[in-house]
Amino acid sequence: MRIVEAGKLALESIWANRLRSFLTLLGVIIGIAAIVATAAVIHGLNRYVAEKLSNLGKGVFVVQRFGIITNRQEFLDAARRNKRLLPADARAIAERVPGAEIVGWEVHATADLERGEHVIRDTDIGGVTPAILEIEPYEVAEGRLLLQHEEDHAAAVAFLGHEVAQRLFPNVDPIGKELRIGGARLTVVGTAAQKGSFLGFSQDNYVKIPFSLHQKLYGTLGSVNISVKAREPARLEETIDEVRAVVRARHHLRPGAPDDFGILTAEGINDLWRNLTQTIFRVALFVVGISLVVGGIVIMNIMLVAVVERTREIGVRKAVGASQRDIVQQFLVEAVLLSCLGGAIGIAIAYAAATLLAANTPLPAEFPPWAPPVAFAVCTAIGVFFGIHPARRAAHLDPIEALRSE
Amino acid sequence: MHAAPAPDEVIRTRGLVRSFAMGSATVHALRGVDLVIRRGEYVAIMGPSGSGKSTLMNLIGCLDTPTAGEYWLEGQPIASLGEAELARIRNREIGFVFQTFNLLPRASALRNVELPLVYAQMPPAERRRRATEALQKVGLGDRLDHRPNELSGGQRQRVSIARALVTNPALLLADEPTGNLDSKTSHEIMLLFEALHREGHTIVVVTHERDIAEHAERVVTIRDGAIASDERQPRPVRP
């Protein structure tokens, strides 16, 4: 028998028992829907993170007291061993690394902002050298960025994130107005364009002030983050190595001793992120794998029932010339189609779920184009694996017994 | 080989034995049957239940293989064939007609008749044409799209005869073809068999009813797993 004939037969028989077929498929439907939806969320997050990181600018990297910390012990070790990074370190990099085009540094504190009755608590106050605003592109909405002479004189000026500007100066042009940070009065010189949120966290809730002013307000004990823009993005790795050598020399590290600082690149963060999401995906795959195995067993069970129900039909088919191979093919095609039907429904549910998630939550779910072919391949494998036993049982029925059955 | 079949022999068996293991005992259903059926013959195989006639029919129909002995169908030795070859022989050389019709309940008359052609790998258009012809031949040209439950018993048996004829087999093998029909319908079916016989078809009818067997030109009686008698009858007198 041709495979198309077997397919038609299988569809008829699935349709004839549609409720039973649907119930049989629940395991596969749920499994495929769950894994594809998970894949959609992770795929969306990966794309989103890669996009956000590419905002960081090509050839930019950051030297920090702490690198990427993944557990508590690492943090404790780093806290004990890693020295603070100082503006002097940044100046040394600027002087001695020819590959570094721009070097800026930034230090963070948290404080409440006030303007009249408008108060914003626990806002990130970044003390930055003007170069930082160039390296990590900050788009100006109104006014201007901070200037070098303001840094030189520790001028009481501020550049506001979009959300801060909106909340402190509703319906008012903030340029030239004053706000209070702790005891200090600062004049707003500019506001930033909106960056939007990242996984639901606002990226517009910050104030940038001159680094020199920050040191006056919060002291000089904080470690600075040094941002470096490489002259040639293609030579990023070499520039990083040169910077590393300078910082190690200033920290008097022996050859072979580990770095007592961390260097973050967009690629590095992206890799870390991908490792993380891959782990999540593997766990999800394992859990869903169990549901797919259960789904497969249910399909096997229902196919065994179908063989018993259709014993007489099998007898007739054999009497008119069906070989064992024909019968195996018929039942195997039915099991595979059944399983793939479950896969199709699961994919449709996952697609709907991903679309709904993306529209109604901060999760940037995106349906991955490779999901349908992979899901169908998996479903075909399930159908073949769990369908072969019932199919062989049907094929090996004795035609005489089968014709006599009722 | 002294028993090599002659060209006009559709069936030749020699010392056909079929035994079944029933627990520790062995039941001998057939104890050595020698039977020759020539092309164009119309033969009834008679016998009471348990005589072994069904076993003989299953062997002749290639649904079963003998414990011992030899069987040639259309000159081909059957006893040594494998499963797939037997399926091919059933498909090409034998048309079955069953007591209970054994039609597929969800399929139309046309699709039921097409079934053997499906396994013969025939393209759909050709299949449809041949199946339609076969149904017209048995007088059901206007019932192609009816399902079995929309047809009377006699019509169902006609569909099953059309299915048996559609591959143009060497042998039409009917097992109690009128067992589930009233006497008037039975008579119509037997007239159809006679018409097919006149066209040259080789027909074997297995039955335990004397008046059905009387339609055949030759009656082979089986008793206790062996041939008890083999008689030619005068041309049946049609009422």
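Trainee: How far apart are the end C-alpha atoms of helix α5 (residues 153-165) of chain B?
Mentor: They are 18 Å apart, which agrees with the 18 Å that 13 residues should span at 1.5 Å a residue (1.5 Å times one less than the number of residues). This is a predicted model, where local features need pLDDT of at least 70, side-chain atom pairs count only at pLDDT 80 or more, and totals for chains, interfaces and linings use all residues. Residues are numbered from 1 along each chain as written, chains are lettered from A and ligands numbered from 1 in written order, and side-chain values use heavy atoms, without hydrogens and water.

Trainee: Is α5(B) largely enclosed or open?
Mentor: Largely enclosed by the rest of the structure, because 11 of its 13 residues are buried (under 20% relative accessible area, 1.4 Å probe, protein chains only). Among them are B:R158, B:V159 and B:I161.

Trainee: Nice! What do those buried residues pack against?
Mentor: In chain B, they pack against β6 (94-97), α3 (109-119), α4 (124-137), β7 (171-175) and α6 (183-198). From chain A, α11 (311-319) joins in. Contact means heavy atoms within 4.5 Å.

Trainee: Switching to chain A, how many helices and strands are there?
Mentor: Chain A has 14 helices and 12 strands, as DSSP runs (H or I, at least four residues; E, at least two) numbered from the N terminus. Chain A is more spread out than a compact globule, because its radius of gyration is 32 Å, well over the 22 Å from the globule rule for 406 residues (C-alpha atoms; 2.2 Å times residue number to the power 0.38).

Trainee: What does its C-alpha trace span?
Mentor: About 105 × 60 × 35 Å along the principal axes of chain A.

Methods:
Buried < 20%, exposed > 50% of the residue type's maximum accessible area, 1.4 Å probe, protein only.
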